[in-house]
Amino acid sequence: MPKPRKSYALWLMGHALHLLFVLLIFSVCALICWRVFISAIPPSEMKRLSPNAKLAEAYRTYGEDLTLYTQEQASVTKDDANYGYFGVTRCVFIPDAEQVQVTFRYNNSTLRHVMEDYALVEEPPRGVEIFDVSIVKVVDATPEDTGDNVDGSENLVKTRIAPSDRKIDTTALYTYILYTFDDVDMTDDTITAYFDIYYSQDVNYDKDAYGTLRLYHRDDARLPVKLSGKEEKALQNYGK
């Protein structure tokens, strides 16, 4: 016997609803993936050098011969106590200007961890500078004797350098801060340089940092960085 028309209509409606449900699930997943992907892309200003007087003067002096380089170092904290809390998306060394520029990033979830770790009543706000950061440069005071370069050695001199400027921006998932560090002389005696992060309400340089990322090591390759057209234009027009 032929299937009644009413039963066929119900079957067709059920099939259509099932298809719509699958499409809805797929669309939600695609939207979440798109949001995560887009949010992981730094804002434009966070991908470019921030001009200041020292950098502009170095550019006017050296022009296209201005030396810029980076290194492949740890980009995200991986210790058990701060796994994934903090990251550095870009670090550029500019020896001709004795300058380093670091793009620092943390996820919204890091703010929740800060609240939990410090027993705060509420999460710290987004897009606000809530961390104390610095570059710690480790210099070999006796470069002729490399055998004494061990942790705790009195011949390893540490210098802490605070940022001279910063720019802040946010995406849906991240807070980005572009820090400029002036008067950073990366001489041949410099062994390593670290990026230390402390919660601003708990700064004690005699204690371990809340998070630490290595930016530089003397034995690692220096990878050249080329100025973009927008960076060159900004440096050419700085102060005008």
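Colleague: Which residue stands opposite lysine 158 in E5?

Modeller: Valine 138 stands opposite lysine 158 in this predicted model.

Colleague: How many bridges join strand E4 to E5?

Modeller: Strand E4, residues 131-140, is joined to E5 by 6 bridges, and the two run antiparallel.

Colleague: What is the order of the strands in that open sheet?

Modeller: The order is E5-E4-E8-E9, an open sheet of 4 strands with antiparallel pairing. From one strand to the next, the twist averages 25°.

Colleague: Which strands stand at the edges?

Modeller: The edges are strand E5 (156-161) and strand E9 (211-217). Each has a single partner strand, so one side of each is left without a neighbour in the sheet.

Colleague: Let us turn to the aromatic residues. How many aromatic pairs are there?

Modeller: The count comes to 20 aromatic pairs. One of them is formed by phenylalanine 181 and phenylalanine 195.

Colleague: Why is that pair edge-to-face?

Modeller: The planes of the two rings, phenylalanine 181 and phenylalanine 195, stand at 85°, and planes over 60 degrees apart count as edge-to-face. The ring centres are 6.3 Å apart.

Colleague: Where in the chain are the two residues of this pair?

Modeller: Phenylalanine 181 is in strand E7 (residues 174-182) and phenylalanine 195 is in strand E8 (residues 190-199). They are 14 residues apart, and the pair links distant parts of the chain.

Colleague: Is phenylalanine 181 buried or exposed? And what about phenylalanine 195?

Modeller: Phenylalanine 181 counts as buried because its relative accessibility is 0%. Phenylalanine 195 is also buried, with a relative accessible area of 0%.

Colleague: Which residues form one aromatic cluster with them?

Modeller: The cluster includes Phe181 and Phe195 together with Tyr85, Phe86, Phe104, Tyr106, Tyr118, Phe131, Tyr179, Tyr199 and Tyr210.

Colleague: Which arginine lies over the face of tyrosine 174, and which over that of tyrosine 205?

Modeller: Arginine 105 lies over the face of tyrosine 174, at 4.1 Å from the ring centre. Over tyrosine 205 it is arginine 160, at 4.1 Å from that ring centre.

Colleague: A change of topic: which residues of helix H2 are buried?

Modeller: In H2, residues 53-62, the buried residues are Leu55, Ala56, Ala58 and Tyr59. These residues cover an arc of only 160° around the axis, so they are on the same side of H2.

Colleague: What do the buried residues of H2 pack against?

Modeller: They pack against strand E2 (86-94), strand E3 (99-107) and helix H4 (229-237).

Colleague: What is found just after H2?

Modeller: Glycine 63 follows there, with a positive phi of about 55°.

Terms used:
Residues are numbered from 1 along each chain as its sequence is written. This is a predicted model: local features need pLDDT of at least 70, side-chain atom pairs count only at pLDDT 80 or more; totals for chains, interfaces and linings use all residues. Side-chain values use heavy atoms; hydrogens and water are left out. Rings of Phe, Tyr and Trp (its six-membered ring) pair if their centres lie within 6.5 Å; planes under 30 degrees apart count as stacked, over 60 as edge-to-face and the rest as tilted. Buried means under 20% relative accessible area, exposed over 50%, partly exposed in between (1.4 Å probe, protein chains only). A charge sits over a ring if NZ of Lys or CZ of Arg is within 6 Å of the ring centre and within 35 degrees of the ring normal. Two strands pair if DSSP finds at least two bridges between them. Axes are lines fitted to C-alpha atoms, for helices over the stretch in contact, and angles run from 0 to 180 degrees between N-to-C directions. The arc is that of the directions from the helix axis to the C-beta atoms. Contact means heavy atoms within 4.5 Å.
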